[in-house]
Every structure is written in C-alpha cells, then in structure tokens.
Amino acid sequence: EIANSENVDILAEETIKQINSIERVNEKEKTFLEQVIETTEKIEKSVSEGQDYSLYTGIRDLDDRICGLHKEELTIIGARPGVGKTTFALQIAEYIASKEIETAIISLEMSDCQIIQKMLSKKTRINSYKMRMGTLEINELEEIGKAGAEISNLPIHLITNARTLQQIENIARKLKNRNNLGLLVIDYIQLIKNKGKFNSREQEVADITRTLKLLSLE
C-alpha cells in the first residue's frame, strides 16, 4: 500500500494501536478479586513507604489542594490569555524534571528558542525582552550561562514540530517506550489539529481531550 504524506501519521498510529491490541490479547484478564488485591497492596505500600512526592509541582498551596499531579491523569490548565499559563506549565515541568523524571514539552505555539528563553527568564528573573533585544549586561549574561548549564542537564525532551493529535500520540508512545516518559506537557490543546471529520470545532476539541485522557491512561 502506498501512502501519501498526509496519511503517514494516521497509518503509523493505526499500526501502533494494532501492535498494542495484539499485546493486550496475550495478557491474562484480571478478575475483580485480583484488581481489588492489587489496589489494597498499593495502598499498603504507600503507607509503608510514605507519600509519593515525585509529581508534586513545587507550588505549595496548589500541592496542598491537589496532592501534586497524578499518574494516568490528564490535567488541564485554564485561564484567560496572557496571564502566564505557559510559564506556569514550564515551571512545573522543570521542577518535576529536576527530580530525574523524564519530561516532554510539546509546544504548538512557540519555537524551541522561545521556550528556552522563557525558562531562563523564570530561573534568572531577567526579563526575556532584554534577551531578545540583546541589551543584557555582562553579569546578566553570566547568570544566563549558568542557568543554561543547569537546565541543559535536565531530562527534558522539547518538541516544537508536532502539529496533529496523531503526531503527539506517536511521540508520547516512543518516549514512553524508550525513556519511560513520566510527564507530558502540551501547549496548548486548542492548537492541536485532529485528522478527522467533525461537525464543529467544539466536537473536535472534545475528541482531542478524550484522546489525550486515554493516552494518559496508557
């Protein structure tokens, strides 16, 4: 079968889904009793080992309310334009990556340079405008160099060339298989394109959100 470039992502996604379904067929289906036992064992383990803070955001008031982020869950950050959602998400991503958790950041709005400038600006408290305009002082350049060296050692995968839901799914599965991905940040949902037919953009975004939720369960 010959596929054109527009269908490559869809074919790749279908192939991966078929492989995953074959693997699931070979798995023994658990009984409800086994599922209950596994759950109680996890609860007992959490008590004996103490609370898992690996996915805490580092923002104390938020963590007190939601107990950090959680495995197999989709968390959506919602706010008005221009209030700092991207900066907020990047701050959480950097904090969690600093705990040696493999983290991926997929940006559909900014270039890798823009994302890294935001991270450096947040870390050094130097206005990113000065970076863009080239009006930095020598001491500020030194601070940025030091901050750059620190964040370059973080287990972060920065992707700025993904545009479709299918591409995002493929990237997430590859990183999970190769690097045991622990956190995926996507900026932002409304920019994701979904290759399919929908009656409205609302239906398309709802399908994107549902798909991302299922992806988090994987």
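I counted the secondary structure first: the protein chain has nine helices and three strands, taken as DSSP runs numbered from the N terminus (helices H or I, at least four residues; strands E, at least two). The order of elements from the N terminus is α-α-α-α-β-α-α-α-β-α-β-α. The model is a predicted one, in which local features need pLDDT of at least 70 and side-chain atom pairs count only at pLDDT 80 or more, while totals for chains, interfaces and linings use all residues. Residues are numbered from 1 along each chain as its sequence is written, and side-chain values use heavy atoms, with hydrogens and water left out.

**Burial and contacts**

I looked up burial next, with buried meaning under 20% relative accessible area, exposed over 50% and partly exposed in between (1.4 Å probe, protein chains only). Of the 218 residues of the protein chain, 30% count as buried. For contacts I took heavy atoms within 4.5 Å. Among contacts between residues at least 6 apart in sequence, 67% join residues at least 24 apart.

**Strands**

I noted that β1 (residues 103-107) and β3 run parallel and are joined by five bridges; two strands pair if DSSP finds at least two bridges between them. Ala 104 stands opposite Leu 184 in β3.

**Nonpolar cores**

I define a nonpolar core as a set of buried Ala, Val, Leu, Ile, Met, Phe, Trp, Tyr and Cys residues joined through side-chain atoms within 4.5 Å. The largest has 22 residues, and Leu 69, Ile 96, Leu 120 and Val 185 touch the most other members. α4, α5, α7 (138-151) and β3 are the elements that give two or more residues to this core. α4 gives the most, with six residues. I found a second, separate core of 17 residues, including Leu 165, Val 205, Leu 212 and Leu 215.

I listed the neighbours of Leu 120, leaving out residues up to four places away in sequence: Leu 120 touches Arg 125, Met 131, Ile 144, Ala 147, Gly 148 and Ile 151.

**Tyr 53**

I placed Tyr 53 in the loop between α2 (32-49) and α3 (60-66). Tyr 53 counts as partly exposed because its relative accessibility is 47%. Tyr 53 and Ile 96 are 43 residues apart in sequence, and their C-alpha atoms are 9.6 Å apart in space.

**Cavity and pocket**

I searched a 1 Å grid over the protein atoms alone: a cavity is a set of points where a 1.4 Å probe fits but cannot get out, a pocket is an open set with protein on both sides within 12 Å along at least five of seven lines, and lining residues have an atom within 4 Å of a point. Grid points are joined across faces, edges and corners, and a volume is the space filled by probe spheres set on the points.

I found one cavity of 30 Å³ or more. The largest cavity has a volume of about 30 Å³, and its lining consists of Thr 87, Leu 90, Gln 91, Glu 94, Lys 118, Met 119 and Lys 122. α4 (85-97) and α5 (112-124) each supply at least two residues of this lining, with α4 giving the most, four residues.

The second largest pocket holds about 990 Å³ of space. I count 23 lining residues there, of which Thr 39, Lys 42, Ile 43, Lys 71 and Glu 72 lie nearest its centre.
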